[in-house]
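Here is a short briefing for someone meeting this structure for the first time. Take a look at the model, and then let the points below guide you through it.

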Amino acid sequence: MALHSTIAAVSRRFQAGQRRMLLKDIAEMASVSLSTVSRALHNDERISEATRLRIQAIAEREHFVLSKSASALASRKSFRISALFVDRFNTWFTSTSFEGLYTTIAGSGYDLFPIVLHTPEQMDSYFRSISENKNTDGIIIASILLSPEQSSQLADANIPIVGLDSQDTEGYDAAVLLDNTASMRDAAEHIRDLGHPQVGLVEFPQPGSFRRYSFTERIPTFELALGAAGYDPRNVQRFHSENNRADAEGVASLCAQILSAQTRPTVLFVETDDFAITLIAALQQRGIQVPRDISVIGFDDNAASELVGLATFHQDALDDARLAASKLLDILNGRQLAEAYSYSRTTFIARSSLGPAFPDA
């Protein structure tokens with residue numbers, strides 16, 4: 001009888017004042033705590049079925065919409081997931097990864113909050129404070145090479161952290177790691193079989209002071225694959241933009257290095273598809289035909305690669321991001337992970353930008 005009186009009193013108060021109903025009002029009606037209401041409305045298994053149904057029935061009758069801020073106060077959660085990127089958002093990998101994270105997290109009860117760090121100083125500051133971060137319930141860190149100190153800081157954090165396109169598992173509660181070993185071995189053997197005696201490795205220009213990207217491991221990994229395929233290190237050359245930019249001046253300096261090399265490479269491996277396509281256009285402007293005069297291989301298999309016939313390495317950034325987000329949601333919801341650390345393998349795709357070294361021979 002007392003419960004019915006309380007419900008009636010609260011209902012009259014809302015009808016008279018048109019005040020928005022709060023979480024504490026539902027708790028008062030149901031004679032339970034704020035945390036119990038929050039858990040019941042989130043279908044928490046710790047709440048008995050009878051209590052959950054009773055609270056949900058009251059909320060539905062009163063047209064109550066769960067406020068994340070009120071729920072966060074009751075549960076001491078922010079209902080926010082942070083996605084950490086570096087340098088820029090407007091790259092193929094970052095935009096594709098963010099789409100995968102968003103489509104998985106949307107509807108989960110969590111908001112996705114993107115963070116971009118532009119300098120090493122910003123990243124150091126963020127990592128130093130990560131163990132005290134109370135504004136997020138979990139973090140996904142995308143494509144960053146971590147220092148030992150940063151891995152240790154992640155391990156000390158009081159929230160779950162998942163890596164995406166990670167190079168190792170240190171400091172992460174779960175991760176999706178990219179495995180290029182088999183695909184790069186396939187590519188090295190393929191260019192060897194096409195008769196290419198000289199290989200050029202082109203670094204992607206990285207303006208600014210940030211250098212710790214996961215993709216910087218692509219060239220060292222490909223060098224190992226070339227060695228396994230029988231290439232002498234003296235037949236493998238590295239090239240980089242003199243101004244460390246992908247602008248006209250930087251691309252011109254790269255073309256000049258490649259075309260004036262004492263022994264000109266017959267095939268180029270470029271760290272990213274975007275820059276490989278830029279380089280092909282610049283070489284063609286200088287009268288160099290691809291692949292007749294020089295072959296080009298990229299990395300990513302972005303949307304433009306197939307259109308221009310770029311040989312490349314396919315990575316499924318969209319599915320990898322979805323998998324990373326699913327892992328974090330499982331941790332946050334107390335579900336057992338089938339596999340904490342997953343390996344996503346790239347595939348080498350030979351297209352028309354890769355041909356024999358001496359087509360007229």
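Nine aromatic pairs are found in this structure, which is a predicted model. In the pair formed by Y126 and F127, the ring centres are 6.2 Å apart and the planes meet at 70°, so this pair is edge-to-face. Y126 and F127 are both buried.

**More on the aromatic rings**

- F204 and F275 also make an edge-to-face pair, because their planes stand at 80°, with 5.9 Å between the ring centres.
- F204 belongs to the loop between β6 (199-202) and α10 (218-228), while F275 belongs to helix α12 (residues 273-285), so this pair ties together parts that lie 71 residues apart in sequence.
- F204 has a relative accessible area of 16%, so it counts as buried.
- F275 is buried too, with a relative accessible area of 1%.
- One aromatic cluster is formed by F222, F269, F299, F313 and F348.
- The face of F113 has R80 lying over it, at 4.4 Å from the ring centre.

**The chain as a whole**

- The protein chain contains 14 helices and 12 strands.
- Of its 361 residues, 48% are buried.
- Among contacts with a separation of 6 or more, 70% are between residues 24 or more positions apart.
- The accessible surface of the chain is about 17600 Å², and carbon and sulfur atoms account for 50% of that surface.

**The nonpolar cores**

- As general background, nonpolar side chains in soluble globular proteins tend to be buried together.
- In this model, the largest nonpolar core has 24 residues, and those touching the most other members are I81, L101, I105, Y110, I140 and L164.
- At least two residues of this core come from each of β1 (80-86), α6 (92-105), β3 (138-142), β4 (161-166), β5 (174-179) and α14 (317-332).
- Which element supplies the largest share of this core? That is α14, with seven residues.
- Another core, of 22 residues, lies apart from the largest one, and its members include I191, V199, F299 and L354.

**Backbone features to look for**

- The peptide bond from V290 to P291 is cis, with omega near 10°.
- You can find P291 in the loop between α12 and β9 (295-297).
- S143 is not a glycine, yet it has a positive phi of about 55°.
- The loop between β3 and α8 (148-155) is where S143 is found.
- Is S143 buried or exposed? S143 is buried, because its relative accessible area is 10%.
- D300 is another residue other than glycine with a positive phi, near 140°.
- D300 sits in the loop between β9 and α13 (303-308).
- With a relative accessible area of 7%, D300 is buried.

- P120 is part of helix α7 (residues 120-128).
- The relative accessibility of P120 is 25%, so this residue counts as partly exposed.
- P120 and D87 are 33 residues apart in sequence, and their C-alpha atoms are 9.9 Å apart in space.
- N180 lies in the loop between β5 and α9 (181-193).
- N180 is buried, with a relative accessible area of 10%.
- Where does N180 make contact, leaving aside neighbours within four places in sequence? N180 is in contact with R218, T221, F299 and T346.

**Confidence in the prediction**

- The average pLDDT of the protein chain is 86, and 88% of the residues score at least 70.
- Over residues 1-18, pLDDT stays under 50.
- For residues 1-18, the model has 24 contacts beyond four places in sequence.
- Where pLDDT is low, the predicted coordinates should not be read in detail.

Terms used: Residues are numbered from 1 along each chain as its sequence is written. Side-chain values use heavy atoms; hydrogens and water are left out. Helices (H or I, at least four residues) and strands (E, at least two) are DSSP runs, numbered from the N terminus. Buried means under 20% relative accessible area, exposed over 50%, partly exposed in between (1.4 Å probe, protein chains only). Contact means heavy atoms within 4.5 Å. Accessible areas come from the Shrake-Rupley method with a 1.4 Å probe; for residues, only the protein chains shown count as cover. Rings of Phe, Tyr and Trp (its six-membered ring) pair if their centres lie within 6.5 Å; planes under 30 degrees apart count as stacked, over 60 as edge-to-face and the rest as tilted. A charge sits over a ring if NZ of Lys or CZ of Arg is within 6 Å of the ring centre and within 35 degrees of the ring normal. A nonpolar core is a set of buried Ala, Val, Leu, Ile, Met, Phe, Trp, Tyr and Cys residues joined through side-chain atoms within 4.5 Å. pLDDT is the predictor's confidence in each residue, from 0 to 100.
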